[in-house]
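Subject: The two-chain model, with notes

Hello,

Here is the structure that I promised to pass on to you, and below it are my notes on what was found. Please read them slowly with the model open beside you.

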Amino acid sequence: MKIFVKDKMNLSETEVEIRCKERDTEVEAVLESIKIASDTIMGEKENGDMEPVRISRVLYFEAVDRNVFAYTVDDFFRVRRTLYDLEDYLIQKYFVRISKSTIVNLKAVKSVAPEDGRRLKLLLRNGEWIVVSRNYVNDFKTGIGMKEAK
Amino acid sequence: MMSGERFKNIVKKSFSIAAICFSMGILFIGIGFSFFGIYMEPVNIIRIWIGFFILGVLTVFRSMFDYTQWARSKPFYIKNILFMPLYLIVALIMAISIVRGQGVDMSLSLMILYSVLFLIFFTIRQFIEYFIQKAKTDKMNDALELFQKEHSWDEEE
């Protein structure tokens with residue numbers, strides 16, 4: 001297999017084109033690797049080790065003080081991005097902002113329950129509860145298809 | 001994760017609520033006292049201030065308690081029913097000390113009776129409120145179920 005990498009400064013995002021005779025197992029493996037790479041973000045563990053984190057496995061992103069953390073079912077990672085940066089990108093991956101400091105993966109929500117003050121709370125796949133602020137309830141409803149997006 | 005910034009926000013918010021309640025309380029007490037033409041002892045203002053300060057501290061604890069996973073896993077009426085008697089006790093102590101400070105004798109048993117009645121109505125209202133909200137979230141759970149059928153978490157695993 002030949003691999004060519006060309007730098008093009010005018011591209012807005014990286015493009016990958018695969019030219020093959022047929023879609024055999026090798027091509028499928030390359031496709032899978034590319035898919036994983038595009039669904040990955042670098043996360044820093046508590047001990048400082050850097051590790052790629054699959055975005056689809058992240059339950060939610062939370063801003064705590066000046067850091068952003070990504071929580072998976074059994075671990076959490078510090079992400080060197082702001083929630084604002086992440087938000088546009090994550091919307092395509094079925095994430096939605098539920099408070100000033102939290103963006104949740106809608107696929108990771110098990111159920112919804114009422115909370116005081118016209119808020120909601122969400123039960124996640126790891127058994128954790130997180131709260132949807134009153135101002136973001138409509139965004140959550142839009143995310144799960146209960147309301148039309150404005 | 002409870003951060004320092006979040007704790008600061010909780011303290012700010014709780015004491016802002018207490019400050020608003022204090023100013024409204026002073027206003028209503030002032031109106032009430034002027035209506036009946038009673039002179040208010042200056043020490044009562046300090047008592048009211050202390051009462052609202054304690055309510056502010058209680059609100060900080062309540063907000064921190066709300067943040068625990070145990071509290072989040074329970075329906076909201078449980079937290080409200082747990083904390084309301086504490087708020088009521090502080091308010092009652094404050095009211096009794098003000099009224100006694102004015103030299104007025106009041107029936108303690110009557111006050112306890114009114115408090116118990118208040119708590120019963122408050123509890124019933126909490127249940128009604130919860131079941132109204134629950135009906136709304138049941139619809140959201142249906143929508144979520146449809147969403148999950150199209151975009152399953154398991155297939156990502």
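This is a predicted model: local features need pLDDT of at least 70, side-chain atom pairs count only at pLDDT 80 or more; totals for chains, interfaces and linings use all residues.

Residues are numbered from 1 along each chain as its sequence is written, and chains are lettered from A and ligands numbered from 1 in the order in which they are written. The helices (H or I, at least four residues) and strands (E, at least two) in these notes are DSSP runs, numbered from the N terminus.

Chain A in outline

Chain A has three helices and 10 strands, and from the N terminus on its elements run α-β-β-β-β-β-α-β-β-β-β-β-α. Its C-alpha trace spans about 60 × 40 × 30 Å along its principal axes. Of its 150 residues, 27% count as buried, where a residue is buried if 20 or more other C-beta atoms lie within 10 Å of its own, exposed if 12 or fewer, and partly exposed in between, with C-beta atoms placed from the backbone.

Strands of a sheet pair through backbone hydrogen bonds, either parallel or antiparallel. Here two strands are said to pair if DSSP finds at least two bridges between them.

One open sheet of chain A has seven strands in the order β2-β1-β5-β4-β3-β7-β6, with antiparallel pairing. In this sheet β2 and β6 (95–99) of chain A stand at the edges with a single partner strand each, so one side of each is left without a neighbour in the sheet. The twist averages 40° from one strand to the next; angles run from 0 to 180 degrees between N-to-C directions, and axes are lines fitted to C-alpha atoms, for helices over the stretch in contact. Between β1(A) and β5 (residues 76–79) of chain A, which run antiparallel, there are two bridges, and A:G43 stands opposite A:V79 in β5(A). Helix α2 (residues 83–91) of chain A packs on the sheet, where it touches β3, β4, β6 and β7 (102–105) of chain A, and its direction makes about 25° with that of β7(A). Contact between two residues is counted if their C-beta atoms, placed from the backbone, lie within 7 Å.

Another open sheet of chain A has three strands in the order β8-β9-β10, again with antiparallel pairing. Its edges are β8 (109–115) and β10 (129–132) of chain A, each with a single partner strand, so one side of each is left without a neighbour in the sheet. Strand β9 (residues 119–124) of chain A pairs with β10(A) in the antiparallel sense over four bridges, and A:K121 has A:V131 in β10(A) as its bridge partner.

Loops of chain A

The loop between β3 (60–64) and β4 (67–71) of chain A holds A:D65, whose phi is near 50°, a positive value in a residue other than glycine. A:D65 is exposed, because 11 other C-beta atoms lie within 10 Å. A:R118, in the loop between β8 and β9 of chain A, also has a positive phi, of about 55°, although it is not a glycine. With 13 other C-beta atoms within 10 Å, A:R118 is partly exposed.

Where the chains meet

On chain B, 23 residues are in contact with 26 residues of chain A. The largest share of the side of chain B that touches chain A, 11 residues, comes from α5(B). α5(B) lies across β8 and β9 of chain A and runs at about 160° to β8(A).

Finally, in α4(B) there is a kink of about 25° at B:F83, shortly before the proline B:P85; this bend is the angle between axes fitted to the seven residues ending there and the seven starting there. The buried residues of α4(B) include B:F76 and B:M94, and its buried residues pack against β8 of chain A together with α2 (42–66), α3 and α5 of chain B.

With best wishes
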